[in-house]
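Trainee: Could you walk me through reading cavities and charge pairs in a model like this one?

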Amino acid sequence: MAEAETDYAAVFQALPGAVALLTPRLIYADVNEEFLRTLGRTREQVIGSYLPDDFRDNPDDPAAAVVPNIQASLLRVAETGERDILALQRADVENPDRPGVREERYWTWTNVPVFGPDGRVALLLHRVEEVTELIRAREVALSLQEAMLPVSCPVGRHQAAVRYRPAVDTLHVCGDWYDLVDLPGDRIAIAVGDVVGHGLSAAKVMGQLRSALSAACRAADGPDRALEVLGLYARSIAGAENTTVATTFVDWATHTVTYSSAGHPPPALLRRDGTVEFLDRATDPPLGARPEHASRPRATAPFTEGAVLALYTDGLIERRSEDIDTGLARLADSLVRHQAADPEALADALLADLLPPGGVTDDTALVIEHL
C-alpha cells in the first residue's frame, strides 16, 4: 500500500503556534489560522501586504514601536541565512470587548530561513509567541519572594547591603535567604541559608525556615542554640532536609563575631589590614543530615572597627568542575581589592567580579555588614 502524500499546506495551517511565511522583501506569502487570530485580521487583509505597514493606520499605536525590531530581525535572516530570535518585546493589544482599551502583552518572535532549490533564502518563516502569562507569573513570584525576605533597613550600628539573585532558569524565586535581626544590647544577628532546589517549592520551605530562625535568634543565647532550634523545627518541614545555614551574632560591646554553620560556606571577615579570615571553626552538617538531634558548635572571632563581614550562599563562589577553595580565594581577592568601597558599592563589586556574565546558574544571596 502506497503511503499517502503529506499535505504540507494542511500541516502549516494546523500548526499550534502563530506562523507566517514572508518573502525576503517582507511581503506576507501565507499565514496560518492562529496567526490571523493573534493579529486580529482576515486572510485578505494580510496576504500580499508589506509587514512594516501593519500599523500604518495608527503609527501612534504603542505596539508599532516593535515593528522596526521585527523588520530588522527578518532582514538579518534574509541576508545571513541564519535563524534569529527577537528578544522579549512589549506590544499591547486592544481589548475586542472594550474598544479603545489596550491590554499589556509580551511577545517573542523567531525568524527562520527557508531555502529554495538554488540554495538562496526563498522565504522567511516568522513565528510569534505570546508570553504574557509567563511574565505575569514571574512578577507574582518576585512579589512573593520580596514579601518573604526582609527589606533592607538599619539594623545595629550600620546599614547593611543585601543582594538576591535567583538562577536564570527560575521564576525569580528560590530557596536562598538572608536575615538581619536586632538583638538586646549592642548586638545583631545575621543569617543566610540555602534550601535545596529552586522555584516556588523551595521558596515555600525557605519562608518557613527563615521565619523560624529569625524567632530563634531573638530567644537563643547564641547562634549555635538558634541553629539547634531550627534543626528541630526543620524535621517537621518536607523539603527542609539538607538545608545549609550560617548564623552570626555581632556584638559591638565586645567587638566579637560569634558564629555557627550548618554545612554552609564560611562567612568572610575582611579586616582593616587587608587580610580575610573565613569563619570556618564551627561548621557542622546541614539541617536534617544527622539521624538524631545533636548540639551545634560555635566559635568567636574578634574584630576592630572598620572591618567588614560578608555572608553569602554558594551561588556566589561555586562553579562546576572547580574546587570550592578556588571560589573562596576569588571572593577574598575581590574583598581586598574593593576594601575602600562602602557596603552598597562593595556588594555590587562582588557580584560583578564573581557571578558569570551569562547570568547565575545557582541562586545567590549576599549580605555585607560594616562593623
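This is a predicted model: local features need pLDDT of at least 70, side-chain atom pairs count only at pLDDT 80 or more; totals for chains, interfaces and linings use all residues.

Trainee: How many cavities of 30 Å³ or more does the structure hold?

Mentor: There are 2 of them. The largest cavity has about 100 Å³ of space, and 13 residues line it. R235, E292, H293, A294 and R296 are the ones nearest its centre. Sorted by class, that lining comes to 5 nonpolar, 3 polar and 5 charged residues.

Trainee: And which residues line the second largest cavity?

Mentor: That one has a volume of about 40 Å³. Its lining is made up of W177, D179, V181, A189, I190, A191, R210, L213, S214 and C217. Strand 9 (174-183), strand 10 (187-198) and helix 6 (199-219) each give two or more residues to it, and helix 6 gives the most, with 4. By class you get 7 nonpolar, 1 polar and 2 charged residues.

Trainee: What about charged side chains, how should I read those?

Mentor: Here's the general idea: side chains of opposite charge can pair when their charged atoms come close. In this structure, D179 and R210 meet in a salt bridge, at 3.3 Å from N to O. The pair links strand 9 with helix 6, 31 residues apart.

Trainee: Are D179 and R210 buried or exposed?

Mentor: The cut-off for buried is under 20% relative accessible area. D179 has 6%, so D179 is buried; R210 has 14%, so R210 is buried too.

Trainee: How many salt bridges turn up in the whole structure?

Mentor: The search finds 16. Take D348 and R163, whose closest N and O atoms are 2.9 Å apart. D348 sits in helix 9 (residues 343-354) and R163 in strand 8 (residues 161-165), so this pair ties together parts 185 residues apart in sequence. D348 is partly exposed at 41% relative accessibility, while R163 is buried at 12%.

Trainee: Which residue forms a salt bridge with E322?

Mentor: R330 does, with the closest N and O atoms 2.8 Å apart. E322 is partly exposed, at 29% relative accessible area, and R330 counts as partly exposed at 25%. Salt bridges can also share partners: D30, E33 and R43 are joined into one network that way.

Trainee: Last one: which residues form a nonpolar patch on the surface?

Mentor: Y8, V11 and L15, with about 300 Å² of accessible area together. V11 belongs to helix 1 (residues 8-14) and, at 41% relative accessibility, counts as partly exposed.

Notes
Residues are numbered from 1 along each chain as its sequence is written. Side-chain values use heavy atoms; hydrogens and water are left out. On a 1 Å grid over the protein atoms alone, a cavity is a set of points where a 1.4 Å probe fits but cannot get out, and a pocket is an open set with protein on both sides within 12 Å along at least five of seven lines; lining residues have an atom within 4 Å of a point. Grid points are joined across faces, edges and corners, and a volume is the space filled by probe spheres set on the points. Ala, Val, Leu, Ile, Met, Phe, Trp, Tyr, Cys and Pro count as nonpolar, Asp, Glu, Lys and Arg as charged, and the others, Gly among them, as polar. Patches are made of residues with over 30% relative accessible area and no salt bridge: like charges are joined within 9 Å, nonpolar side chains (Val, Leu, Ile, Met, Phe, Trp, Tyr) within 5 Å. Accessible areas come from the Shrake-Rupley method with a 1.4 Å probe; for residues, only the protein chains shown count as cover. A salt bridge is a side-chain nitrogen of Lys or Arg within 4 Å of a carboxyl oxygen of Asp or Glu. Buried means under 20% relative accessible area, exposed over 50%, partly exposed in between (1.4 Å probe, protein chains only).
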